[in-house]
Amino acid sequence: MPAAVDRLRTAAATVALYRVLAAVRSAAVFGIDALDVTVEVDVVPGLPSWTIVGLASNAVREARERVTAALANAGFDVPSRRVTVNLSPADIRKDGTSFDLPIALALLAATGALDAARLEGVIAAGELGLDGAVRPIRGTLSLARAALRSGACLVIPSANGAEARLAGAVRVAGVLTLTETVIGLRTHGAKFASPPAMPPEAPGADLGDAGLDFADVAGQATAKRALEIAAAGGHNVLMMGPPGTGKTMLARRLPGILPPLSEDELLEVVAIHSVGGLIVPGTIPTRTPPFRAPHHTISLAGLIGGGPGPRPGEVSLAHRGVLFLDELLELPRHVLDAMRQPLEDGRVVIARAAHAVAYPARFQLVAAANPCKCGHALSDDGRCQCTAADIERYRTRLSGPLADRIDLHIHVGTVEVAALGAARRAEPSASIRERVVAARAIQRDRYACLAGVRSNAEAPGRWLVAHGELTTAAREMLQAACARLGVSARGFHRAVRVARTIADLAGGREVGEAEMGEALAYRGAARAAGR
């Protein structure tokens, strides 16, 4: 018996002698936040094999092939042993290809090709090509924020360096190849990164496409006025009218009159777009608010978010910008109604069995729709052949609760031929934008005491009723109109917000009858159109 115990002890000591364990820090993007992940690699004698554990997705498990090929092509020895990779904590799902680089570095440390002490104070992330190149990844800004909080050196692909430095004075080492990374760590360790530097200055707003100007839109004075109000206060708009009246043309010119993103808003937008894979590596995003225009065949997951991962949907990719839904009533009703909560809360929560992910979704909805299936129900030429039942059935695709969350309902009619042939151009976007920026500045000062509120559309209804400078006549008009039209409590407060924006555009301190009457007219248009 003692001899058997001695043999077991000898065998255990032999295994311990050949067992090598190394670890390096990395991070997993969860929503738009980065959670610390420790990549551990254990190398022991045995049949050559690889095992990756720690709730890894298929993309992470495929790292075995990329890492082994990259190591071999970079001139490093690939151990013919049993390799176990653990991504800790093991109860958080790991997705994407950003774990290739930390796995390779930990494996080199475990085999003695890299001093493990050189990995202290380092957070590594990057995808490896088969030739050893380090390729761009998603969610770099989130990783940079995590590195900034912990004071670590962030080793990432060189193409993601500009995005990472938007986080502030974070130490970033942008690398092109695995060989460059190993040489830098061998020589400098955590001091491999460049010293803390000021983030690069994001280019100013470029007013969207320079060819899209409101001056090109003939007629449609009411629609232009409504879009100016929407831009000034961040309100939602529904344009309804026959085909070919310029609804899409008007909506695509809205970004040209929006104010540029602030520093905080820019970081929010970049974080979401980086996770969604929309950031072009090596470029600095502009301060132009995002404009998203998905096709009306979009799925529920594409609009709200979801799928493997999950990924942010269009409502989140339009955060701090515009979500334009053309042919609104062609979308399935359940897809449309899924926007009700994001429109109210400014965020999307995607729940799964094991976890829930939250994405910001403070967007401005601009929608265009035909009044019926053929599109000519509101035309004066009598071309509509739809029955009253057909028209009602078509319009009920927009539910009452969703319609109630749209502040401005406008009818876009046919443009007169004389207006189309007029030589004089309409007011350009630059002039409209000056008024919008001035109105937003007024709102920014007004809501300085309210955290997270930047525009009238975001202001709490009760606060605005108490502090929005409504005259007695305006209050009486609002109460009478709401009683007559059957406006809900939500509609009551939204009318106040729109009226406050109209007053801000005019530079007025008080909200009078004229401003309130115009705001109520936009809500009454929904009923005039049959809603």
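Buried means under 20% relative accessible area, exposed means over 50%, and partly exposed lies in between. These words return in the legends below, which describe close-up views of a predicted model.

**View 1. The salt bridge between R292 and E314.** In this predicted model, the side chains of R292 and E314 meet with a nitrogen-to-oxygen distance of 2.7 Å. Because R292 belongs to strand β11 (residues 291-292) and E314 to helix α12 (residues 314-317), the pair ties together parts of the chain that are 22 residues apart in sequence. R292 has a relative accessibility of 22% and therefore counts as partly exposed, whereas E314, with a relative accessible area of 12%, is buried.

**View 2. The salt bridge between R454 and E265.** Side chains of opposite charge can pair when their charged atoms come close. Here the closest N and O atoms of R454 and E265 are 3.3 Å apart, and the pair links distant parts of the chain, since R454 sits in the loop between α18 and α19 (461-467) while E265 sits in helix α10 (residues 263-275), 189 residues apart. R454 counts as partly exposed because its relative accessibility is 24%, and E265 is buried, with a relative accessible area of 13%.

**View 3. R405 and E344 within a network of salt bridges.** The closest N and O atoms of R405 and E344 are 3.2 Å apart in this salt bridge. The two residues come from distant parts of the chain, 61 residues apart, with R405 in the loop between α16 (400-404) and β18 (408-411) and E344 in helix α14 (residues 340-345). In this pair the arginine, R405, is buried at a relative accessible area of 9%, while E344 is partly exposed at 37%. Both residues belong to a network of salt bridges that also links D404, D407, R490, R494 and R523. For the model as a whole, the count comes to 28 salt bridges.

**View 4. The crossing of helices α8 and α18.** Two packed helices are described by the angle between their axes and the distance between the axes. The axes of helix α8 (residues 221-233) and helix α18 (residues 429-446) come within 8 Å and cross at roughly 35°, and α8 passes α18 in a right-handed crossing. On the α8 side the contact is made by E228, A231, A232 and G233, and on the α18 side by I432, R435, V436, A439, R440 and Q443. Sorted by class, the residues of this contact are 5 nonpolar, 2 polar and 3 charged.

Terms used. Residues are numbered from 1 along each chain as its sequence is written. This is a predicted model: local features need pLDDT of at least 70, side-chain atom pairs count only at pLDDT 80 or more; totals for chains, interfaces and linings use all residues. Side-chain values use heavy atoms; hydrogens and water are left out. Axes are lines fitted to C-alpha atoms, for helices over the stretch in contact, and angles run from 0 to 180 degrees between N-to-C directions. Helices (H or I, at least four residues) and strands (E, at least two) are DSSP runs, numbered from the N terminus. A crossing is left-handed if the near helix is turned anticlockwise from the far one by less than a right angle, and right-handed if clockwise. Contact means heavy atoms within 4.5 Å. Ala, Val, Leu, Ile, Met, Phe, Trp, Tyr, Cys and Pro count as nonpolar, Asp, Glu, Lys and Arg as charged, and the others, Gly among them, as polar. A salt bridge is a side-chain nitrogen of Lys or Arg within 4 Å of a carboxyl oxygen of Asp or Glu. Buried means under 20% relative accessible area, exposed over 50%, partly exposed in between (1.4 Å probe, protein chains only).
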